[in-house]
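Dear colleague,

I am passing a structure on to you, and my notes on it follow below. Please look through it before reading them.

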Amino acid sequence: MSKSSKYRLELQGVTKQFPGVLANDQVSFAVQPGEIHALLGENGAGKSTLVKMIYGVMQPDAGSIVWNGEKVHVANPKAARKMGIGMVFQHFSLFEAMTVLENIALGMDGGMSQSELETKIRQVLQHYDLTLDPHRVVSTLSVGERQRIEIVRALLLEPELLIMDEPTSVLTPQEVAQLFDTLRKLSARGCSILYISHKLHEIKELCDGATILRGGQVVGECNPRQETSTSMAEMMIGGNLKQIEKGDSREFGDAKFVVDGLSVEGEGDFGVTLNDISFTVRAGEIFGIAGVAGNGQNELLLALGGEVRASVADTIKLDGKPLGTLGTSLRRYFGLCAVPEERNGHGAVPDFSLSDNAVLTARNRQDMVRWGIINAKTATGYASSVIEEFSVKATGPSATAGSLSGGNLQKFIMGREIMQVPEVLIVSQPTWGVDAGAAAAIHQALVDLADNGSAIVLISQDLDELLAIADELAVINEGSLSKTMSVADASIDEIGLLMGGVHGDPVATEKQTEKRHVA
Amino acid sequence: MNETIFISILMTVVGASTPILLAALGELVVEKSGVLNLGVEGMMLIGAVTGFAVTSVSGSPLLGVLAAMIAGTLAAMIFGYLTLSLTANQVATGLALTIFGIGLSSLVGEGYVGKTVDIFDSIFPAALAEHSFLRVLFGYSPVVYFSIFMTVAVAWFLKSTRPGLILRAVGESDSSAHSIGYSVIGVRYAAVAFGGAMAGIAGCYYSLVLTPMWAEQLTAGRGWIALALVVFAAWRPGRLLLGAYLFGAVMTFELHAKAAGFSLVAPEFLAAMPYLATILVLALISLRKSSGSQAPASLAKPFKPST
């Protein structure tokens, strides 16, 4: 055995080429047994591609993977699992309509009877102090519980390496703490963990070593405990991090956007009913709405934007004008614009050009349509100026929305609304899946819009984002909005508890999902 | 006398229901794997003409059924290659398969119009199969018993076996199944092949058992009823059996009403009943709130694996 055998996993010059993109370029790093190793990088830096090769979902074009001192070829995920590599995906590979047990059975290779498997699952749950009911249908579970399924599925194989791809992006702070406990227990038993994230404070708290990727290349290695978040962020983006300029003493005008007692019945099996939502946003203010996904954020966005109308006009008022019963077009006409969370298909039509997409929401405020006929020149001009103002990387206004990367499309959509100078802007998850550079630009644009006297409602699951740019904050949980807090004196613990609601507390979650089961 | 009529009506219902049940069972498995094959009618016709031709030449109905099965599978493989390997649109390809099947079966069947063939002997002794009462249980073609057996087998396969679980998983979320390491395309090919085989048998049931003869477009749109039936049954084999017999009863009612000189409504209306019932059932189902969640989530979505 050579000296490399002291590593659990070693990558040597791994390269992967996609059409037009070099996703990984000569990537090398090593992970020791029991080490929690971070892979750090912006979106598109090549982290996910890299771990997919380690897990056998894709094959490297060049370079080699060395496992416990031996050069290996990981043909497929089945082979990876056999070697002792487990993976928890960023987008869970779960089957909504099936039970927890069935889901786990699908991830196991050997033929094992359901009762045998259930016994083993219960052992693992007890071993790591996790709670999960094997007979529950996945669609009734919270996001944290869903992740637990993936973790249990990986743990059942007694892995020597566990890959976690952005595991905390959807968890409450309490759920994150629980997850970290589990991971530390695992690492203490000698299991290595490859932890992918761009949340620097988490990496500082959890990881023993880190490899930083940028543009598909390794740009540095570090010990996260000895670095500051800023120093790691700068390695990640390869430049100085732009601080958001937000005046400390901002002045707010009169109440501009008032929501008073808004209630909307939820649709379908999994719709959340909005229950007596009330809040006020002043001119120049950014009002944040925090919460774990699926607690009514989508319903709230639809109700505020006008896609779902309220039954009482007075429940939503802009400068005193009641808008509650109006549809999206009229609300836009009065200056209320909305940006939904889903970019492709909701915020923009993927197969339409950028200028056509501009016409869809900006036609009235930018005078693009006369007598039912589109003024193509105005539309193209407007789209071009959005592209320029917001430095959207696109071939031009005739590029289709679907051809843009997530971050660039988001910049375009935000720009399209912001340049209409709305009186009120409702945005949901504006920086979800967007790299740090683009996120900073979007944040700056929101702050600037507020400085111009608009009222902004920012719905987000990302607490860091809310704390960075919002002035006031409330938490949505099960369709109800908490009291309003000033961001300056809000405590993370309190927000976390409000976010968790019943979901933060295992016993209450049990009851809640039971209720949904019966309903 | 009355009992005799009742029994013969019952037996006609079973006869009319069996091919729909067979074709729908195949399509159910196909849809459970996330593929929508609208070519059932075409595959049935190809099966019908192949079964008839082979039986006519060889004199063996068993060989005919086997040939129909193979022909149906081959037709389904054309669909599979286009939609799974080349990721063509499933709806358009399925419709094309039906048109292809109508044309091909007419062409191949031209020389067989008006001929007759030997039919299956009963698998039970004549004392049972021709008994005035017991024939309601024992007086059918072997294909009928096969269809009941397959209903139970498919239900068991989907619910209790590991391959069944994998098939459902592929239909539920193709990308998840792929990331765990299952061959989405492989599973779907197998399901599509099974659907084709079942449609082939269903088709030859018309030309070898029900009529038994060959005529152009012999299946008369029953493939579409089978498709509707899968939705009606909410992708559950047990309900599929129930639904197939319900539709069979409606079709039989038409025949017997005509025979009995029932003249309150136009005979054309009676003939249209099964199809009206299909539309009605589909409309009622779409009104039901939860129907969306019963369909396999990846139904009719093409899958392109990333390499």
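Why is the sulfur of C191(A) too far from the closest cysteine sulfur for a bond? The closest cysteine sulfur is in C207(A), and the distance to it is 13 Å, whereas a disulfide is a pair of cysteine sulfur atoms within 2.5 Å. C222(A) is also too far for a bond, since its sulfur lies 9.7 Å from the closest cysteine sulfur, again in C207(A). Over all chains the structure holds 0 disulfides. C191(A) is buried at 4% relative accessibility, and C222(A) is buried at 11%, where buried means under 20% relative accessible area with a 1.4 Å probe, protein chains only.

This is a predicted model, in which local features need pLDDT of at least 70 and side-chain atom pairs count only at pLDDT 80 or more, while totals for chains, interfaces and linings use all residues. Residues are numbered from 1 along each chain as its sequence is written, chains are lettered from A and ligands numbered from 1 in the order in which they are written, and side-chain values use heavy atoms, with hydrogens and water left out.

Turning to the interface, 23 residues of chain A are in contact (heavy atoms within 4.5 Å) with 17 residues of chain B. About 1600 Å² is buried between the two chains, 60% of it from carbon and sulfur atoms; this is the accessible area (1.4 Å probe) lost on putting them together, summed over both. Of the area that chain A buries against chain B, F95(A), M98(A) and L106(A) supply 33%, more than any other three residues.

Between chain A and chain B the count is 1 salt bridge, a side-chain nitrogen of Lys or Arg within 4 Å of a carboxyl oxygen of Asp or Glu. R168(B) forms a salt bridge with E102(A), with the closest N and O atoms 2.9 Å apart.

Best regards

Conventions
Buried < 20%, exposed > 50% of the residue type's maximum accessible area, 1.4 Å probe, protein only.
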